[in-house]
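This report concerns the strand pairing and the covalent cross-linking of one protein model. Please consult the sequence and the coordinates while reading.

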Amino acid sequence: MKSLLISALAATLALPAFAAETYTLLPSHTYPSFETDHWGGMSVWRGKFTKSSGTVVLDRQAKTGTLEVTVETASVDVGHTAMNGVLKSARILDTEKYPTAVYRGSSMRFDGERPVEVIGELTLNGVTKPLNLQIETFKCMESKLYKREVCGVNAFANFNRADYGITVNLDLGFKPEIKLAIQAEGLIKVD
């Protein structure tokens with residue numbers, strides 16, 4: 001019995017240890033985007049931020065993870081040059097005073113093997129508020145291009161822009177809700 005216990009313990013110690021993996025978000029495959037109301041339901045403006053960076057730490061075995069995404073606010077693009085200027089101005093994003101917006105996810109909720117929610121906070125215009133991201137899709141695979149694992153995600157959240165001090169045109173009937181989407185792909189770091 002004693003030798004059986006020692007053998008079982010030795011076999012357990014010989015099993016590979018699973019650890020958290022770190023992924024660097026690929027700037028060319030990561031686009032935080034948003035939807036916002038124009039004139040109280042007249043139309044929806046859609047835009048994205050073209051410059052962002054970030055890191056994900058993911059332990060799928062332990063079902064834990066963290067996320068940090070930094071967005072350069074001056075990279076905002078709604079496909080309209082004049083409106084881009086308005087968005088960058090002190091009236092809305094104030095990109096000179098606040099050159100970055102940051103999302104920090106401190107933990108993740110899993111459903112089986114798949115992360116389904118990031119619990120975190122958004123810092124925008126110098127204001128930090130809790131904001132959770134709902135993960136709609138998540139997939140990892142071996143990249144033929146990079147010869148290592150890459151994971152992709154499509155995540156969403158809604159927030160009230162007035163909570164971050166962006167109140168321009170609310171008195172004219174514009175709705176304050178912003179729909180945030182983060183489409184991202186991260187490449188596993190190699191030592």
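The sections below describe a strand, its partners and a disulfide in this predicted model.

## Strand β8 and its burial

Strand β8 spans residues 114–124. Eight of its 11 residues are buried, and the strand is therefore mostly covered, buried meaning under 20% relative accessible area.

Strand β7, residues 100–111, runs antiparallel to β8 and is joined to it by nine bridges. D111 has R114 in β8 as its bridge partner. The hairpin formed by β7 and β8 has two residues between the strands, and G112 there adopts a positive phi near 70°.

Strand β9, residues 127–130, is also antiparallel to β8, with four bridges between them. Within this pairing, E121 has P130 in β9 as its bridge partner. The hairpin of β8 and β9 likewise has two residues between the strands, and N125 takes a positive phi near 55°.

## Pairing with β10

Two bridges connect β8 to strand β10, residues 133–142, in an antiparallel arrangement. V118 is positioned opposite L133 of β10.

## The disulfide

One disulfide is present in the structure. C140 and C151 form this link, with their sulfur atoms 1.9 Å apart. The link is right-handed, with 105° about the S-S bond. Because C140 belongs to strand β10 and C151 to strand β11 (residues 149–160), the pair ties together parts that are 11 residues apart in sequence.

C151 has a relative accessible area of 10% and is buried.

Terms used: Residues numbered from 1 in each chain as written. Predicted model: local features only at pLDDT ≥ 70, side-chain atom pairs only at ≥ 80, totals over all residues. Heavy atoms only, no water. Buried < 20%, exposed > 50% of the residue type's maximum accessible area, 1.4 Å probe, protein only. Pairing = 2+ DSSP bridges. Disulfide = S-S within 2.5 Å.
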